[in-house]
Amino acid sequence: MPREDVKKLLRTKFMPHIWCPGCGHGIIMHAILRAIADLKIPKEQVCISSGIGCSSRMPGYIDACTLHTAHGRSLAFATGVRLANPDLTIVNVMGDGDGTAIGGNHFIHACRRNIGITAVVMNNNIYGMTGGQASPTTPEGAFASTAPYGAIDPTFDICKLAEGAGATFVARATVAQPVMCEQILKKAILHQKKGFAVVELVSYCHTQFGRKNKRSRPMDNFNYLKDNSVMKAKADTMTAEELKGKIVIGEFVNIEDAREYTKRYDEVIARAQKA
Amino acid sequence: MAQVEFWQGNKALAMGAVAAGCRFFGGYPITPSTEIMETMAEELPRLGGKFVQMEDEIGGIAAAIGASIAGLKSMTGSSGPGISLKQELLGYAYIAEIPLVVANVMRGGPSTGLPTKVSQADVMQAKWGTHGDHATIAYAPSSIQECYEITVRAFNMAERFRQPVLVLSDEIIGHMREKIVIPEPGTFEVINRKKPTVCPDDFVPYKADDDDVPPMAAFGDGYRWHVTGLTSNDFGFPTNEANEIDKKATRIIRKVERFREEIVEFKEESMEDAEIVIVSYGSVSRSSLRAIRELRKQNVKVGHFRPISLWPFPEKQIAEISKRVKHIIVPELNAGQMVNEVERAVAGRCEVHRKNLLNGELYKPDEIMAFIKEVA
Ligand SMILES: Cc1ncc(C[n+]2csc(CCOP(=O)(O)OP(=O)(O)O)c2C)c(N)n1
Ligand code: SF4
């Protein structure tokens, strides 16, 4: 059962939620709520934004300023929110399809701007909501409704993508490590003062992905994630061959002295007003 | 002393936005509208506002909607392909009821078409460009003065009705320079969105007042609410209930339709005794006016009717005119768009002549004079 302070962050009147029983996304929502509760951020100062997908339905269930946008566009909306009100705490959730396919351009540019938003990619390796089509993170060889003979597209490494594009905090955990999810989220939320934080939380979709890939029960997926996660420190000692099929978890980037975009914009305002 | 300037249309449009209280602009460069964003990049920071150049036009409108939700009067602008890209999120602002002004400086299309040449081919797109039903408000300026003033009006309507309002300028109006007298602040109306008066726990975000428009809180104001592009109920929560769907779908149209006569704008010249009427808007209306002034000297009974609001279209006014004139001529820089609305309003009561130019040029006054002489 959720803690009392976490329960207070729920919009129970909007429930039952739409997620399939046992969906990995619920673990992420719970971790986000625990992080917000622990950080004691007043809920009217919290903005939860999202795109479109199963993952993106999360904001509706959270009693805060919630913004369910259009498929792929959440970070661009959140950029406007952040610029208009730099005091809000913004947690932007999106699916792997939402965030890295249709929203890939907004994703890399939000990283580049280093705008103070915590972006959570809920990566279940599939398009869950539309019925199991392949996404940019569907593993090669896996089956999807649009890859009935096995996927051949190489996948994105979301953390490397974020790092390459300039995000100043990047980390990954899986829903099989809920405590680690929460700890990373707390750091990533605090990092908003310094800039753009990307947290890839590897989730699962037993309904659409699992069904076609011999992991149709929630526990099959949970165990799969647990068995295949490798801490970054350990991964650093392993060969590429040994790391095949493994999910490296931990913190990859944390630039403490990064300069956040709206703070830099304040400099623009100062220069404009002096001119 | 009133401030007099010699400005380009795009600059006047941007300065009008600033005067209306716009404090956020999200955009992406494209000819012939770029000067709007360049002006905003210069002006907004001076006033503590924010300008952001996004990664594409979709990002531009998304950021503008986000900023509006967080309480700033917001705007985006573009042309041709960029306007096509904005269509999905225009729909978002209609359904989520977010005040927003979108400037479209029309250029030739389809696709990349004619980046530097004038067109009026986005009139129907302005109404039907995004999927789904909604009520469109779109104003077409025809002078530099009007670029400024109509943009103030566009913001007022966006804030009053909580929805996007389009300013349909065109390449000629956008790039032309002429004199403008800057209205003194305080001499014109500035409308701000209604704010909720109930306490946050009692706030029902989409519960409308008697005017069918719900008060709007800003994120960060102390109110917690849900914004979504899904059809939602008064609580802002997605619904599949037929009665709730109907309530929302009809209200977002009715809130504008009810006040149609307060939104409609037009301007007439030499209409009292006219037997022939030119109906034109935007840059074309300038050629039309020149033509009718010349022909009036020759005692031709010709007048001009200029819709300023293309949507809602001044159909009542056109219907009235059609009862007393013989010919209505509709010159447009497209294959015939607004003329369909004219024909609908006229309903066969007089002759309607379609005149269409698709070569990227503006109608010249003598071409319009020739159209008038054909029927005079
Ligand atoms: C512009 C647009 N294209 C397509 C869709 C259909 N659509 C809805 S959700 C979705 C994919 C969701 O997958 P993902 O983002 O990975 O999230 P998940 O459902 O797996 O959590 C798609 C393609 C849409 N809503 N809008
Ligand atoms: S379809 Fe998949 S992602 Fe969507 S709720 Fe069900 S299990 Fe979760």
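**Close-up views of a predicted two-chain model**

**Figure 1. A salt bridge between B:Glu97 and B:Lys248.** B:Glu97 and B:Lys248 are both buried; buried means under 20% relative accessible area, exposed over 50% and partly exposed in between, with a 1.4 Å probe and protein chains only. This is a predicted model, in which local features need pLDDT of at least 70 and side-chain atom pairs count only at pLDDT 80 or more, whereas totals for chains, interfaces and linings use all residues. Residues are numbered from 1 along each chain as its sequence is written, chains are lettered from A and ligands numbered from 1 in the order in which they are written, and side-chain values use heavy atoms, with hydrogens and water left out. The side chains of B:Glu97 and B:Lys248 meet at 2.9 Å, N to O, a salt bridge being a side-chain nitrogen of Lys or Arg within 4 Å of a carboxyl oxygen of Asp or Glu. B:Glu97 lies in the loop between H4 and strand S5 (100-108) of chain B and B:Lys248 in helix H8 of chain B, so the pair ties together parts that are 151 residues apart in sequence. Helices (H or I, at least four residues) and strands (E, at least two) are DSSP runs, numbered from the N terminus.

**Figure 2. Salt bridges in chain A.** A network of salt bridges links A:Arg3, A:Asp5, A:Arg34, A:Asp38, A:Glu182 and A:Lys186. Within it, the closest N and O atoms of A:Arg3 and A:Asp5 are 3.0 Å apart. A:Arg3 is partly exposed, at 32% relative accessible area, and A:Asp5 is partly exposed at 33%. Over all chains, the whole structure holds 47 salt bridges.

**Figure 3. Stacked phenylalanine rings in chain B.** Twelve aromatic pairs are found over all chains; rings of Phe, Tyr and Trp (its six-membered ring) pair if their centres lie within 6.5 Å, with planes under 30 degrees apart counted as stacked, over 60 as edge-to-face and the rest as tilted. The ring centres of B:Phe25 and B:Phe51 are 6.2 Å apart and their planes are at 20°, so this pair is stacked. B:Phe25 belongs to strand S2 (residues 22-27) and B:Phe51 to strand S3 (residues 50-53) of chain B, so parts 26 residues apart in sequence are tied together. Both B:Phe25 and B:Phe51 are buried. For B:Phe266 and B:Phe305, the centres are 5.2 Å apart and the planes at 20°, so this pair is stacked. B:Phe266 is partly exposed, at 32% relative accessibility, whereas B:Phe305 is buried, at 0%.

**Figure 4. Charges over rings in chain B.** B:Lys127 lies over the face of B:Trp128, 4.7 Å from the ring centre, and B:Arg160 over that of B:Phe259, at 4.8 Å. A charge sits over a ring if NZ of Lys or CZ of Arg is within 6 Å of the ring centre and within 35 degrees of the ring normal.

**Figure 5. The interface of chain B with chain A.** Contact, meaning heavy atoms within 4.5 Å, takes in 40 residues from chain B and 41 residues from chain A. Between them the chains bury about 3,200 Å², 64% of it on carbon and sulfur atoms; buried area is the accessible area (1.4 Å probe) that two parts lose on being put together, summed over both. On the side of chain B, B:Lys50, B:Glu55 and B:Arg224 lose the most area to chain A, together 21% of what that side buries. Two salt bridges are counted between the chains. B:Arg224 forms a salt bridge with A:Asp63, with the closest N and O atoms 2.9 Å apart.
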